[in-house]
Amino acid sequence: MPRTRARGLLSPWAKVAVFVCAAVPAVWLIGAAATDRLGANPAESLLRGTGDWTLRLLCVTLAISPLRRGLQQPALARFRRMLGLYTFFYAVLHALAWAWLDQGFEWADMVRDIAKRPFILVGFTAFVLLVPLAATSFNRAIRALGARRWQRLHRLVYAVAGLALLHFFWMRAGKNDDAEVAVYAALVALLLAERSLHFFKKNAVLPASTGH
Amino acid sequence: LAATRSALPGAVTLEKLTDSADATSYNNFYEFGTDKAEPARLAHTLKTAPWSVEIDGLVKKPGRMALEDLLKLAPMEERVYRLRCVEGWSMVIPWVGYSLAELIRRVEPLGSARYVEFTSLADPATMPGVRSRVLDSPYVEGLRLDEALHPLTMLAFGMYGEVLPKQNGAPLRLVVPWKYGFKSAKSLVRIRFTERQPATAWGRAAPQEYGFYSNVNPNVDHPRWSQATERRIGEDGLFAKKRKTLLFNGYEAQVASLYAGMDLKVNF
């Protein structure tokens with residue numbers, strides 16, 4: 001017996017509200033950079049800020065399915081694609097901030113940096129893995145791939161989450177400062193634990209009922 | 001804080017000064033938190049008077065020196081040094097103080113003294129970062145005795161003509177312009193002369209990343225980033241190209257002889 005469903009979730013305005021909320025950090029960061037309010041090292045603030053928000057949006061995206069099941073609000077699924085695309089959007093800003101502000105678009109330096117430094121390589125790999133997910137996020141792509149294959153492809157997001165955490169951990173490791181990393185890691189672990197629990201429950205019931 | 005311009009070769013760069021607003025709001029001072037904005041926000045709790053520095057170890061005249069006496073120990077000079085942080089940013093700061101050598105000569109190190117160890121204040125009551133497990137407390141740094149005696153190595157009491165702001169390491173700190181910034185320990189409470197190389201705070205926390213010498217060197221990368229370039233804080237806005245980092249932070253003419261015959265990649 002489902003609990004009362006929050007009907008507001010189905011309103012077209014709900015999508016607009018989520019869209020606007022997810023855009024706020026980007027608008028704020030770019031606005032603050034343009035008006036010189038990012039402190040003494042705005043390039044670093046932008047690089048860190050876009051990285052933080054990529055990770056946060058990734059966590060929010062991964063939280064949709066567990067929340068949908070836990071709160072019995074199937075309508076939450078409507079926001080998942082948008083949030084996933086926002087994760088990619090912030091990842092693009094983060095990669096752009098690195099390529100532009102940190103590396104000055106010196107392509108040879110960038111290639112060397114990626115090859116030489118595991119922390120950059122891991123972040124870069126996570127970004128590359130997000131590209132096919134963003135590229136197959138529209139309905140026609142889902143139909144063309146077939147739901148099963150599409151779903152299998154989109155499980156790449158779990159690899160992205162692991163790599164993003166490792167990237168963040170290595171960034172902080174030299175400073176011995178992993179408190180914040182631990183918070184994100186615990187959150188991601190919790191969200192993935194819910195998924196595996198759900199998966200086992202489903203599979204424990206299914207074989208009997210399908211009669212194979 | 002009254003001072004005269006230093007006449008020491010290399011002690012006054014003519015490069016554009018970093019805005020004092022930037023130099024006093026963007027600080028690494030982990031005793032007040034790892035975020036660079038935290039020291040400016042939290043360091044007001046630091047109590048800088050009364051203050052004294054313990055001089056001990058292998059010296060003829062050990063003892064505790066009061067800040068007032070240290071301020072009068074030698075004439076105050078203004079020196080404009082480049083400051084290069086190991087993280088890849090740099091500033092140009094006018095410091096006020098004198099050569100550390102002035103103090104060292106007065107306390108007369110013994111012949112067996114080969115290193116100098118610097119200890120920063122670690123007061124959990126006024127320094128919230130001391131309790132964190134990021135770095136062991138207190139903060140310890142070290143120099144070889146000949147590095148400590150080099151005239152460019154400075155004991156600083158002020159910057160921009162004023163007494164040192166607390167977030168910049170009041171009431172006295174070390175400034176070693178050819179080494180990465182973390183070698184220049186802040187808020188000193190102890191200077192000890194030793195025979196053996198001191199175990200520094202960063203050396204203990206991450207020995208593969210932070211060597212004892214930590215001379216600024218564009219040819220020796222940090223394991224996680226390049227040291228070939230640096231971002232000069234406040235220079236030409238967001239899209240300014242980074243500038244090339246210079247060997248010994250541009251003080252090669254003055255200090256290279258200290259490291260003659262040493263492999264700087266091994267002794268990083």
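Contact here means heavy atoms within 4.5 Å. I note at the outset that the model is predicted.

**Entry 1: chain A overall**

I began with secondary structure. Chain A has nine helices and zero strands. Read along the sequence, the pattern is α-α-α-α-α-α-α-α-α. I then looked at extent. The C-alpha trace of chain A spans about 60 × 40 × 40 Å along its principal axes.

Residues 24 or more positions apart account for 67% of them.

I looked up burial as well. Chain A has 212 residues, and 38% of them are buried. Its accessible surface comes to about 12400 Å². Carbon and sulfur atoms hold 70% of that surface.

I found 26 positive and 11 negative side chains in chain A. The centres of the two sets lie 22 Å apart.

**Entry 2: the nonpolar cores**

In soluble globular proteins, nonpolar side chains tend to be buried together. I looked for such groups here.

Which residues touch the most other members of the largest nonpolar core? They are I55(B), W95(B), L103(B), F118(B), L172(B), W178(B) and F193(B), within a core of 79 residues. Strand β5 of chain B, residues 89–99, gives this core its largest share, six residues. A second, separate core has 21 residues, among them L133(A), A134(A), A161(A) and L191(A).

L172(B) touches W51(B), V53(B), L67(B) and L70(B), among others. Its partners also include L155(B), A156(B), F157(B) and L164(B). K186(B), S187(B) and L188(B) are on the list too.

I checked D56(B). It lies in strand β2 of chain B, residues 52–57. Is D56(B) buried or exposed? Its relative accessibility is 16%, so D56(B) counts as buried, the cut-off being under 20%. The side chain of D56(B) has a polar contact of 2.7 Å with that of R190(B). Leaving aside neighbours within four places in sequence, D56(B) is in contact with P62(B), R190(B), I191(B), R192(B) and F193(B). F193(B) was already in my notes, as one of the residues that touch the most other members of the largest core.

I then turned to E230(B). It sits in strand β12 of chain B, residues 229–232. Its relative accessible area is 3%, so E230(B) is buried. I found two side-chain partners. R84(B) makes a polar contact with the E230(B) side chain at 3.0 Å. Not counting residues up to four places away in sequence, E230(B) touches R84(B), G88(B), S90(B), K242(B), R243(B), K244(B) and T245(B).

**Entry 3: backbone exceptions**

Most residues other than glycine have a negative phi, and most peptide bonds are trans. I listed exceptions to both.

Where are the cis bonds? One runs from S137(B) to P138(B), with omega near -5 degrees. P138(B) is in the loop between β6 (115–120) and β7 (140–144) of chain B. Another cis bond runs from A170(B) to P171(B), also with omega near -5 degrees. P171(B) is in the loop between β9 (162–163) and β10 (173–175) of chain B.

For positive phi, I noted F105(A), with a value near 55 degrees. F105(A) is in the loop between α3 (80–102) and α4 (107–116) of chain A. With 33% relative accessibility, F105(A) counts as partly exposed.

I also noted F248(B), with a positive phi of about 50 degrees. F248(B) is in the loop between β13 (243–244) and α7 (252–255) of chain B. F248(B) is buried, at a relative accessible area of 3%.

**Entry 4: the segment after α7**

My last stop was V266(B), in the segment after α7 of chain B. V266(B) has 58% relative accessibility, so it counts as exposed, the cut-off being over 50%. V266(B) and R64(B) are 202 residues apart in sequence. Their C-alpha atoms are 37 Å apart in space.

Terms used. Residues numbered from 1 in each chain as written. Chains lettered and ligands numbered in written order. Predicted model: local features only at pLDDT ≥ 70, side-chain atom pairs only at ≥ 80, totals over all residues. Heavy atoms only, no water. Helix = DSSP H or I, 4+ residues; strand = E, 2+ residues; numbered from the N terminus. Buried < 20%, exposed > 50% of the residue type's maximum accessible area, 1.4 Å probe, protein only. Areas by Shrake-Rupley, 256 points an atom, 1.4 Å probe, with all protein chains shown as cover. Lys, Arg positive; Asp, Glu negative; His and termini not counted. Charge placed at Lys NZ, Arg CZ, Asp CG, Glu CD. Core = buried A, V, L, I, M, F, W, Y, C linked by side-chain atoms within 4.5 Å. Polar contact = N/O pair within 3.5 Å; in protein donor to acceptor, adjacent residues only side chain to side chain.
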